[in-house]
Amino acid sequence: MILITGASGQIGVDLADALVDRYGPGKVLVTDLRVPEKVRPNRLYDVLDVTYMESIEKIIQAHDIKTIFHLAGILSATGERHPELAWNVNVNGVRNILEAARRFGCRVFWPSSIAVFGPTTPKLNTPQETVTEPGTMYGATKVTGELLCKFHATHHDLDVRSVRFPGIISHSAPPGGGTTDWAVDMFFQAVRHGHYECFVTQETRLPMMYMPDAVKSVLDLMDADENGITIRTSYNLTAFSFSAGELAAAIRRRIPDFIVEYKPDFRQDIADSWPQSINDSRARRDWNWTPQYSLDDMVDDMLKHVAERVANEPPDTNPA
Ligand code: AKB
C-alpha cells in the first residue's frame, strides 16, 4: 500500500491520480491535514499531520504501508512569513517520516527544491554538487531535509529518493505560498481577465517544469534500479527556464490582448537568490531523466486546460 502525505497540494493531486491509475484505487491512501471538500469516488482518504510521529506510525501499521510519497510541506513565501511553522512541518515532518520508514521498512520519495541554492551558488547551469547556502527559511529546511535523507540512506540503508524541483506549472491544483506561483497565476489571470499583476520583474528568470513531467520524474526515479542511484541528497532537475516577460510574450502570442503589469514584492528577493538554470545531467545519466514538454508545448496545454476550468467556474470564484 502507498501513502501520500500533503496529497491536497499542487503535486499531490496529480501524483495521486497517476498512482491510482497505475496501482488501482485500493492501493493508494491520500492524506492531508483535512479531507478535501470534493472527494473523488473510489479513493481512500485519511487525515494525517506529519508533525505527529504517533499518527504516522498508526497509519503505516493500519494500512501496511510500503512506500511513502512525503509531499506535506510549507513553500518558500509562506516559510518567510512563518519560519517556525516552516521548520516544524518541513524538518520535523521529514524527520518523522524517515524515522517511521526506517522502523517499518518503507521506501520514501521526498521533494527538495532549487531553494537549497542561494546567493553564493553559481546561477547559470547550477551543478549538482555546489554551494548550498540558502537565504530563506524554506531553503534551510530543504537543505536540512536533504542531509537527513542522506543520513538515513547511508546509516540505515533506507531507500529514500529525492529531487530538487524547480517551479512547477499545473492547472489541476493551485500552488500555495511559493515564489514561482506567478508562472501559474499568469495563465489563470490571462484567461479570466486578460490582465495580470506580476509580483516579480519581467527579467526574473527561473527554472521550471510542467506537472506531467514532474509526476513522470517521481515515478521514473522510484522505478529506477537502486544500484544506479548515486545521489542520496536530492537530484537536480529541470525542464526549461524562462523569465516572467518571456512567459507573458508566449501567452500573448495566443491571447494577443493580454497585459501584464510588474509590481515586485518581497518574493523578488527570494527569486533573485535562486538559480536561473539547472544542470540535471546526473539525473539524466543515473535514471534516464528526460522531460517530455517544451515551453511551447506546456503553454499550449496549459491554456487549453485553464480555459476549460475557468469556463466551469461559478462567476463569484473568478478572483481579479
Ligand atoms: C516555491 O516557489 O516555493 C516552490 C519551489 C521552487 O520550491 N515552487
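This note sets out points on the ligand site and on selected elements of a predicted model.

1. Basis of the values. Because the model is predicted, local features require pLDDT of at least 70 and side-chain atom pairs count only at pLDDT 80 or more, whereas totals for chains, interfaces and linings use all residues. Residues are numbered from 1 along each chain as its sequence is written, and side-chain values use heavy atoms, with hydrogens and water left out.

2. Ligand shell. The residues surrounding the ligand are Leu75, Ser76, Ser113, Ile114, Tyr138, Gly178, Thr179, Thr180 and Trp274; a residue is near a molecule if one of its heavy atoms lies within 4 Å of it. By class, the shell holds four nonpolar, five polar and no charged residues. In this scheme Ala, Val, Leu, Ile, Met, Phe, Trp, Tyr, Cys and Pro are nonpolar, Asp, Glu, Lys and Arg are charged, and the others, Gly among them, are polar.

3. Position between domains. The ligand lies between domain 1 (2-168 + 210-236) and domain 2 (169-206 + 241-276 + 294-311), because both give residues to its shell. The domain bounds come from an automatic or database domain assignment.

4. Ser76 places a polar side-chain atom 2.5 Å from a ligand oxygen atom, and a backbone N or O atom of Thr179 lies 2.7 Å from an oxygen atom of the ligand. For Thr180, a polar side-chain atom lies 2.9 Å from a ligand nitrogen atom. Of the 260 Å² of accessible area that the ligand has on its own, the protein covers 94% (Shrake-Rupley method, 1.4 Å probe).

5. Strand β2 (residues 28-32) is largely enclosed by the rest of the structure, because five of its five residues are buried (under 20% relative accessible area, 1.4 Å probe, protein chains only). Val28, Val30 and Asp32 point one way from β2, and Leu29 and Thr31 the other way. Strand β1 (residues 2-5) runs parallel to β2 and is joined to it by three bridges; pairing requires at least two DSSP bridges. Leu3 stands opposite Leu29 in β2.

6. Helix α6. Helices are DSSP runs (H or I) of at least four residues and strands (E) of at least two, numbered from the N terminus. The buried residues of α6 (residues 182-193) include Trp182, Phe187 and Phe188.

7. Ser234. This residue lies in the loop between α7 (211-223) and β10 (235-236). Ser234 counts as buried because its relative accessibility is 0%. Ser234 and Lys150 are 84 residues apart in sequence, with a C-alpha to C-alpha distance of 8.7 Å.

Note on methods. Polar contact = N/O pair within 3.5 Å; in protein donor to acceptor, adjacent residues only side chain to side chain. Buried < 20%, exposed > 50% of the residue type's maximum accessible area, 1.4 Å probe, protein only.
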